[in-house]
Amino acid sequence: MKDQCVSVWILGDQLLRNHPALVQATKTVGIKHIQVVLIESDGRIAQQPYHRKKLVLLLSAMRHYAAALHEQGYQVDYVHAADFLVGLRQHIETHQPTRIMTMAASEYHTRRFQEAGLADGLGLPVDVLPNTQFLVGRFDPHPEPKPGKRYVMENFYRAMRRYFDVLMDGDKPAGGEWNYDKHNREPLPKHIEQPTIPAYSSDAITQEVIQQVASYEHATGTLENFNLAVTHEQAQQALTDFIEQRLHDFGPYEDAMSTRHPTLFHSVLSPYINIGLLEPLEMVQAAVEAYEQDQAPINSVEGFVRQVLGWREYIYWQYWQQMPDLYKANDWNATRPLPQMFWDGQTEMNCIKHVVSRAIETGYNHHIERLMIICNFCMLAGINPQQVNDWFLAFYIDAYDWVMQPNVIGMGLNADGGRIATKPYISSANYINKMSNYCGGCRFKHKQRVGEEACPFNFLYWHFLITHEKKLRANPRFGPSILGVGRIDSTEREAIQRQSEHFLAKLEYYKTTSE
Ligand code: FAD
Ligand code: SF4
């Protein structure tokens with residue numbers, strides 16, 4: 001193969017230190033015969049009104065990655081083009097490679113593009129190597145799933161723990177238990193010291209990208225105070241900072257929400273792992289090491305490992321089990337459009353106002369805010385799943401198709417027939433009040449079910465249970481929660497239904513910003 005000239009096409013969310021196509025090409029033809037191609041696609045950037053900070057993160061990280069490869073001696077062709085195909089053709093015309101090597105995309109449409117007809121379209125052989133950004137690619141804990149059959153996260157996670165020998169004492173889980181949830185899920189104490197997260201200043205490359213992104217009219221969110229990591233070294237430092245400063249209290253407060261602090265003890269590492277600046281095993285190993293050195297308790301370490309080795313891998317695995325059906329999944333026949341308050345945070349509902357405003361400002365909400373505020377509301381209000389999905393895709397700095405579809409359509413909205421979450425994650429204001437301080441500053445009363453001051457999460461929750469009573473009763477995991485419906489007399493039932501219908505009808509008439 002020495003006479004070959006190989007082009008290695010690296011996607012913007014595949015900025016791995018050891019990109020497999022680059023490793024293989026280096027071994028087979030040698031560094032001098034490799035052209036690395038990275039493509040900034042206008043079509044991809046314009047696909048959604050993406051958060052401006054996400055665009056800066058992605059484009060700046062790509063340019064830093066290209067510069068780092070160049071320093072290592074690679075020839076790098078950084079292409080601006082209308083789309084990937086045009087960019088690849090442009091590259092081929094200039095550099096005349098004899099073959100293309102790339103790694104399978106994490107998401108459905110780009111992978112189909114790579115695998116179906118790209119070689120013919122380019123008139124060159126294209127090698128699509130297996131994706132190495134997920135551990136489930138090395139070991140499949142459920143290799144022969146039966147169509148329509150559930151495979152729950154807990155079984156998946158235990159199989160992963162065993163296979164990768166993470167937090168194991170021989171055959172047994174470290175500390176004696178697989179799950180420490182009962183030690184976690186605490187609300188935030190009033191006087192706890194708020195942790196800080198590291199901030200990275202913008203160098204010349206990032207500043208240039210910020211200027212470019214400032215000119216995108218279709219984008220959403222604010223650009224101000226961009227301070228994310230854009231290199232491997234910075235992302236590595238962000239990981240170390242989390243392990244040293246926040247992992248210790250990660251477990252107890254992982255479900256807490258607060259107006260006082262947006263990120264609490266969360267790692268805020270998803271933007272980096274999702275584009276290859278960090279890798280799952282290094283995150284898991286760093287946490288396990290902290291446990292072994294007595295720097296963090298088992299409930300926090302197991303809680304974090306569960307997120308990365310369990311949930312993240314399970315979500316990716318489910319994505320590929322369920323695609324492309326997830327795109328049209330709508331098991332609860334939810335058809336209502338997304339209300340305007342999700343775009344501007346203008347609402348009297350204090351929880352939604354806080355969470356959406358933070359998303360606009362930072363592109364980040366933690367897990368419970370995404371699940372129990374945003375999705376909970378959308379599920380109770382019967383908002384169309386793909387509209388919710390598109391909103392998530394636009395607003396979050398860590399959002400990509402493989403992670404959005406199963407989390408939003410499956411976990412958040414239970415629209416996939418319960419394949420990911422065996423019951424809908426819905427709650428009234430009671431849960432939100434227990435886990436946050438949002439209700440204290442709200443004009444609605446979190447204890448009131450109907451009436452002028454009743455919290456919308458309350459009447460919508462009961463409206464949902466009443467409307468879907470039959471279906472919910474049939475779900476053994478939801479069964480007990482539905483019993484309360486039987487205790488509501490007919491007058492209150494009618495009042496709940498009336499108030500909900502009125503509220504929902506009014507929601508649809510929120511004006512868009514362009515009106
Ligand atoms: P931490 O709480 O510190 O967790 C550690 C890591 O675990 C995360 O960085 C992430 O890599 C991983 N993780 C945990 N749960 C999940 C999960 N369910 N799916 C995938 N990875 C997980 N995560 C995204 O990366 N991008 C998204 O667009 C996204 N959208 C979501 C939408 C909904 C409706 C829900 C319920 C969850 C979503 N998640 C998404 C999962 C999770 O909320 C985020 O990964 C997490 O909030 C990121 O913040 P963190 O890095 O501080 O996470
Ligand atoms: Fe949200 Fe209701 Fe609490 Fe207000 S009272 S913050 S709307 S849960």
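Mentor: Let us begin with the second largest pocket: α3 gives the largest share of its lining, five residues. This is a predicted model, in which local features need pLDDT of at least 70 and side-chain atom pairs count only at pLDDT 80 or more, while totals for chains, interfaces and linings use all residues. Residues are numbered from 1 along each chain as its sequence is written, chains are lettered from A and ligands numbered from 1 in the order in which they are written, and side-chain values use heavy atoms, with hydrogens and water left out.

Trainee: What makes α3 (52–71) a helix here?

Mentor: Helices are DSSP runs of H or I of at least four residues, strands are runs of E of at least two, and both are numbered from the N terminus. Besides α3, the elements giving two or more residues to this lining include β2 (34–41) and α18.

Trainee: Why is a residue such as Y50 counted in the lining of the second largest pocket?

Mentor: A pocket is found on a 1 Å grid over the protein atoms alone, as an open set of points where a 1.4 Å probe fits, with protein on both sides within 12 Å along at least five of seven lines; lining residues have an atom within 4 Å of a point. The lining has 32 residues, and Y50 is among those nearest the centre, as are R44, Q47, E107 and Y400.

Trainee: Between which domains does this pocket lie?

Mentor: Domain 1 (6–132) and domain 3 (328–510) both give residues to its lining, so the pocket lies between them. The domain bounds come from an automatic or database domain assignment.

Trainee: Which residues are closest to ligand 1, and what makes a residue near?

Mentor: A residue is near if one of its heavy atoms lies within 4 Å of the molecule. Ligand 1 is surrounded by 29 residues, the closest being H266, S267, V268, N274 and Y364. The largest share of this shell, six residues, comes from α13.

Trainee: How do you know that S267 makes a polar contact with ligand 1?

Mentor: A polar contact is a pair of N or O atoms within 3.5 Å; within protein, one must be able to donate a hydrogen and the other to accept it, and residues adjacent in sequence count only if both atoms are side-chain atoms. A polar side-chain atom of S267 lies 2.7 Å from an oxygen atom of ligand 1, so the pair meets the 3.5 Å limit.

Trainee: What makes the peptide bond from M323 to P324 cis?

Mentor: Its omega is near 0°. P324 is in the loop between α13 and α14 (341–344).
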